[in-house]
Amino acid sequence: MSDSNFTTIFGDSDMVPYLKVWNQLQETLKNILRWVSFKKELKEKYPKAKEMREQTTLQHTLGGQFLLDSIVCKINRLTSLMLDEALMLRAFLYHDLPEGIRGIDVPATQKTDDDDLQEYLAFCTILKHMSPQSAAKKKYAYLLQFAYEFPQNFPEEALEVMREIRKNHMNEAIIFSFIERYDYVQYTLEHFQKTDDPIPLQMLLRSYMSKFDAYVELVPELSLIWSPGFKARCQKVLELK
């Protein structure tokens, strides 16, 4: 919906910028296909690999939030670590919104620091007409995804927010990074379960198993998810021909 249509319907209502995001979350994210370059690489390297189902950014956002809610609830229930689940869910809701704004998904394995910066700047465009308090809350949640790796090319105001996150919500930042990559693995695991084709899952596991080990070193409670048993089963998948 155009700015003029929003203004015509709602006049000078301060809800106009929020309704634009409401619209973008539904209308743009459903049109962004993920895994396009991954599937191209898959077909080039493994011509006999089976076709994977399509996944949109909207599906990834919804599925990832479900995984995050399930994992965080389990950690909070079974350990003494009390995570800010509301912050993490808000972060997952917004983390890929710039893909809809920019009209492109850059795969995580190909994304550069400049890609991350351009997505952050695109996200900031939707905040400029919101109240300072609302914009700050959304920016804090959005930057949670970057706080662990702390990209130095971001503007100083973003780095300052990330420093605050690292001070107050470092566990949430690490676990967020884990869950996003765990969601990638789940997508390829689903393909394996439905088709008996292990190749996409093997490709992802080779990229992320060492990262999962590192996350568990930093937050041992993640061993509830990346458990020795699950890791051993993943290792067996890597041995499949």
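Helices (H or I, at least four residues) and strands (E, at least two) are taken as DSSP runs and numbered from the N terminus. The model described here is predicted, so that local features need pLDDT of at least 70 and side-chain atom pairs count only at pLDDT 80 or more, while totals for chains, interfaces and linings use all residues. Residues are numbered from 1 along each chain as its sequence is written, and side-chain values use heavy atoms, with hydrogens and water left out.

## The largest pocket

A pocket is defined on a 1 Å grid over the protein atoms alone, as an open set of points where a 1.4 Å probe fits, with protein on both sides within 12 Å along at least five of seven lines; its lining residues have an atom within 4 Å of a point. Grid points are joined across faces, edges and corners, and a volume is the space filled by probe spheres set on the points. By these terms the largest pocket has a volume of about 770 Å³. Its lining is made up of 35 residues, and Pro107, Ala108, Thr109, Arg181 and Tyr184 are those that lie nearest its centre. Two or more lining residues come from each of helix H3 (36–45), helix H7 (113–125), helix H8 (132–147), helix H10 (170–195) and helix H11 (199–218), and the largest share, six residues, belongs to H11.

For the make-up of the lining, Ala, Val, Leu, Ile, Met, Phe, Trp, Tyr, Cys and Pro count as nonpolar, Asp, Glu, Lys and Arg as charged, and the others, Gly among them, as polar. The lining of the largest pocket then divides into 14 nonpolar, eight polar and 13 charged residues.

## The core and the buried helix residues

In what follows, buried means under 20% relative accessible area, exposed over 50%, and partly exposed in between (1.4 Å probe, protein chains only). A nonpolar core is a set of buried Ala, Val, Leu, Ile, Met, Phe, Trp, Tyr and Cys residues joined through side-chain atoms within 4.5 Å. The largest such core has 73 residues, and Leu143, Phe154, Met162, Ile175, Phe178 and Ile179 have the most contacts inside it. H10 gives the most to this core, with 12 residues.

Contact means heavy atoms within 4.5 Å. Once neighbours within four places in sequence are left aside, Ile175 is in contact with Ile75, Leu81, Leu83, Met88, Val219 and Leu222. Met88 is also one of the buried residues of helix H5 (residues 85–94), which are Glu85, Leu87, Met88, Ala91, Phe92 and Tyr94. The cover over these buried residues of H5 includes helix H2 (16–27), helix H4 (57–78), helix H6 (97–102), H7, H8 and H10.

Ser177 also lies in helix H10, and its relative accessibility of 3% counts as buried. Not counting residues up to four places away in sequence, Ser177 touches Gln145, Tyr148 and Tyr215.

## Salt bridges

A salt bridge is a side-chain nitrogen of Lys or Arg within 4 Å of a carboxyl oxygen of Asp or Glu, and by this rule the count comes to 12. Three of these pairs are tabulated below.

| Salt bridge | Closest N to O |
|---|---|
| Lys111 – Glu119 | 3.2 Å |

Glu99 is buried at a relative accessible area of 1%, and Arg34 is buried at 7%.

Because Glu190 lies in helix H10 and Arg53 in the loop between H3 and H4, the pair ties together parts that are 137 residues apart in sequence. Glu190 is partly exposed, with a relative accessible area of 23%, and Arg53 is partly exposed, with 36%.

In the salt bridge between Lys111 and Glu119, Lys111 counts as partly exposed at 24% relative accessibility, whereas Glu119 is buried at 2%. Salt bridges that share partners join Arg34, Asp96, Glu99 and Asp105 into one network.

## Loop residues

Trp35 lies in the loop between H2 and H3, is buried with a relative accessible area of 10%, and has a positive phi near 70 degrees in a residue other than glycine. Phe150, found in the loop between H8 and helix H9 (156–168), is not a glycine either but has a positive phi of about 55 degrees.
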